[in-house]
Amino acid sequence: MNRREFMTGMAAGAALPALAAGSACAGARPAVEPTRFKPIEFPGLAPRPDFWKVRPQEIADLCARAAKCSRKEIIAHTPLGHPVYALFYGDFNDAPPQTNWSAGLSSTTWKNYMGDPPPAKQTFLFVAGIHGAEPECVAGAMNLIQMLETGADFRGRADGALLDLISRYRFIVVPCANMDGRAISPDHLRGLGWRDFRAASQGTWKDGSLIGWRGSKSWFPLPLDKVSYPGGYPNADGYNIMHDAAPGHIRTAEARALLRLAERWRVDAVLNGHSYEYAPSVITPSSIDAPEKVVRANAIADRANAAIHAAGLNPRKPKANRPPRGIINLNTMFALASGALALTLECSVSFDRPLKPPKVKPTRTYTFDELMEPVFVTLREYLADGLERPFLVRGDDRVFGD
Ligand SMILES: [Zn+2]
């Protein structure tokens, strides 16, 4: 079989799984189990606005309804049986890569991985809700999907500039990767103090003490028999999907599916949507990648942070060109899976500074609109940057010998 026959065969075969996956997954969808821990409740939490749709059923329903996307997949089921959806906008008819990125990068030509011809547009993946307790990027992704589907988000607003940018890419959105964590988490954490935020996120031990942000990373998985509440950070098996990043030992269906998604569709750039207890920012990328990619990713983070500041969403003027540190997480794995640049956006869950009296007092409480606005600001800057100069130099056309 020559290369053309191989690619043609793969293309013909590739059309079927997409269709079969859509219908088969819908039919064979396993029953969703009830949560293994009682969802945490905070009396007095303000009711959410109508546009803030972040509950697992709402996410699954919107994705199931989506009709404007060119492709739709349930890429995984969570330990509780929730579907993890990916919606695709743009042309996704390319045959699967004939090699992986690792081999392809070192092969006779980079097109062995990217295809010949490669996709006409760069491929961008926006994944939200890897930490289920952090709903802001999920709310942003849901409003974005509604906008892509109907022309306006759940507030009735249209962002023509953003839609135009997205149309210049192949765009994949995973609105909630950790549906299990979302299922035990409140709709939002707005107005809560630092301790409640920590309890809702990383959970509490049986004696009521906080597991903590760093403390939660002492375990993989979190020992669920020792906790009174696991937090919405991990999935129902106690795994922090963001750190499911040991090659050869990926534990969660969610992480495995996201990495396969990136590899299959030759993803060039990833926005990984999270939240924390500070003013929003795109965090400095890891130093563990090709040096030129680290420099580029850092520059895009600076650009997005300047825009977040200019939009009045972060009172502090961001420091540019911060030194990257050697962090290893799912973003590192995206880089290995498809060569992608990957950046993490941290929205705020409530305030511009953590409510941790007496040491720290916030100066403002974000509105619900403002809580998810960094998603749109960051996407605009990230996508615009990739049009000014491609995210990656995959290789050149020189076919080098053996
Ligand atoms: Zn997070």
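Biologist: Which residues in α11 and α13 meet?
Modeller: On the α11 side they are Ile300, Arg303, Ala304, Ala307 and Ile308, and they meet Pro374, Val377, Thr378, Glu381, Tyr382 and Asp385 in α13. Bear in mind that this is a predicted model.

Biologist: At what angle do α11 and α13 pack, and how far apart are their axes?
Modeller: The angle is about 140°, and the axes are 9 Å apart. Angles over 145 degrees would count as roughly antiparallel, so α11 and α13 are classed as oblique to each other. The crossing of α11 past α13 is right-handed.

Biologist: What about α6 and α13, what's the geometry there?
Modeller: Helix α6, residues 160–167, packs against helix α13, residues 368–388, at an angle of about 40° with the axes 10 Å apart. That pair is oblique too, and its crossing is left-handed.

Biologist: Which residues make that contact?
Modeller: From α6, Ala161, Leu162, Leu165 and Ile166. From α13, Phe376, Leu379, Arg380, Leu383 and Ala384.

Biologist: OK, the sheet. What's the strand order?
Modeller: β1-β2-β4-β3-β7-β9-β8, seven strands in an open sheet with mixed pairing. The edges are β1 (71–77) and β8 (281–283), each of which pairs on one side only. On average, neighbouring strands of this sheet are turned by 25° against each other, direction ignored.

Biologist: How do β2 and β4 run, and how many bridges join them?
Modeller: They run antiparallel, with three bridges between β2 (residues 83–89) and β4 (residues 170–174). Leucine 87 is opposite valine 173 of β4.

Biologist: Now the core. Which residues touch the most other members?
Modeller: Val174, Ala262, Val270, Phe334 and Leu343, in the largest nonpolar core, which has 102 residues. Helix α5 (residues 136–150) gives the largest share of this core, with nine residues.

Biologist: What is valine 174 in contact with, leaving aside its neighbours within four places in sequence?
Modeller: Val84, Tyr85, Ala86, Val127, Ala128 and Leu258.

Biologist: Is arginine 266 buried or exposed?
Modeller: Buried, because it has 24 C-beta neighbours inside 10 Å and 20 or more is the cut-off.

Biologist: And asparagine 321, buried or exposed?
Modeller: Exposed: 11 other C-beta atoms lie within 10 Å, and 12 or fewer counts as exposed.

Biologist: What about glycine 203, what's its phi?
Modeller: Positive, about 85°, just after α8.

Biologist: Which residues of α8 are buried?
Modeller: In α8, residues 194–202, the buried ones are Phe197, Arg198, Ala199, Ala200, Ser201 and Gln202. Their cover includes β5 (204–205), α9 and β6.

Biologist: Last one, lysine 53. Where does it lie?
Modeller: In the loop between α1 (3–27) and α2 (56–65). Lysine 53 counts as buried, with 22 C-beta neighbours inside 10 Å.

Biologist: What is lysine 53 in contact with, beyond its neighbours within four places in sequence?
Modeller: Glu58, Leu62, Ala139, Met142 and Phe154.

Biologist: How far is lysine 53 from proline 354?
Modeller: They are 24 Å apart in space, C-alpha to C-alpha, and 301 residues apart in sequence.

Note on methods. Residues are numbered from 1 along each chain as its sequence is written. This is a predicted model: local features need pLDDT of at least 70, side-chain atom pairs count only at pLDDT 80 or more; totals for chains, interfaces and linings use all residues. Two strands pair if DSSP finds at least two bridges between them. Helices (H or I, at least four residues) and strands (E, at least two) are DSSP runs, numbered from the N terminus. Axes are lines fitted to C-alpha atoms, for helices over the stretch in contact, and angles run from 0 to 180 degrees between N-to-C directions. A nonpolar core is a set of buried Ala, Val, Leu, Ile, Met, Phe, Trp, Tyr and Cys residues joined through C-beta atoms within 7 Å. Two residues are in contact if their C-beta atoms, placed from the backbone, lie within 7 Å. Angles under 35 degrees count as roughly parallel, over 145 as roughly antiparallel, 65 to 115 as roughly perpendicular and the rest as oblique. A crossing is left-handed if the near helix is turned anticlockwise from the far one by less than a right angle, and right-handed if clockwise.
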